[in-house]
Amino acid sequence: MATAKEHITPELLRKITAGDENAFRSLFDLYKNNLFDYLIGIVKSRQVAEELVMDIFLKLWLGREWIADIEHIEPFIKKVAYNKAIDFLRYAARNQKLQHIIAREMAGEVDRSLEMQLLEKDYQHIIQEAVRQLSPQRRLVYTMSREKGMTHDEIARELNLSIHTVSNHTKEALRSIRGFLSRNNVPVTAFLLYTLQK
């Protein structure tokens, strides 16, 4: 993942810590392909590698408050990826059904492209419904952050709110959305991918 190293700056990490989704999207774009290649070399499954990449970045986003304190982000992400892959392999070793699915995928017998496209459309509708069920102000703050790419500082100034209030609205919106998705059997990784593609 050395090619991404020159693009990671302390300022980018500080923006992520402050809740800047555009900065986080930059981090995601810089590392996702190399991270995927690294993981597929361990788990031998494209689908599993994709899920692990999403899970890793989801955890980074949810724990973004301490990202600026990480001195070397690249080896940190790689270590997290390695641990995730090993955890998965340990789980797979105890799950025969999962072993069978992976073996079929490795043999080239599984073509999930159309199925996944239909599933992703269903997920998008449910995610949009999750956003609609937020309270008006919480939905406004969340939309300004996600769709307009505004920082917490910018939202606070525009809405005449404190940064603390904006931060709380964002956290509660994400908690509410995750709960809604969980009740509708939508994986949180689908929500992260949806957010990053905006």
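Predicted model: local features only at pLDDT ≥ 70, side-chain atom pairs only at ≥ 80, totals over all residues.
1. Residues are numbered from 1 along each chain as its sequence is written, and side-chain values use heavy atoms, with hydrogens and water left out.

2. Which residues of α9 are buried? They are Val 166, Ser 167, His 169, Thr 170, Ala 173, Leu 174, Ile 177, Phe 180 and Leu 181. These cover an arc of only 160° around the axis, which puts them on the same side of α9; the arc is that of the directions from the helix axis to the C-beta atoms. Buried means under 20% relative accessible area, exposed over 50%, and partly exposed in between (1.4 Å probe, protein chains only).

3. An α-helix has 3.6 residues a turn, so residues three or four places apart point the same way. On the face of α9 turned away from its buried side sit the exposed residues His 164, Ser 182 and Arg 183. Just beyond α9, Asn 185 adopts a positive phi of about 60°.

4. Now to a helix pair. Helix α2 (residues 21-43) packs with helix α3 (residues 46-62) at an angle of about 145°, their axes being 9 Å apart. Axes are lines fitted to C-alpha atoms, for helices over the stretch in contact, and angles run from 0 to 180 degrees between N-to-C directions. The residues of this contact (heavy atoms within 4.5 Å) divide into 18 nonpolar, no polar and four charged. Among them are Phe 24, Leu 35 and Leu 39 in α2, and Val 53, Phe 57 and Trp 61 in α3.

5. Do look at Glu 147 too, in the loop between α7 (136-146) and α8 (152-159). Glu 147 is exposed, with a relative accessible area of 52%. Its C-alpha atom is separated by 9.6 Å from that of Glu 21, 126 residues apart along the chain.

6. Overall, the protein has 10 helices and zero strands; helices (H or I, at least four residues) and strands (E, at least two) are DSSP runs, numbered from the N terminus. Of its 198 residues, 39% are buried.

How values were computed: Nonpolar A, V, L, I, M, F, W, Y, C, P; charged D, E, K, R; others polar.
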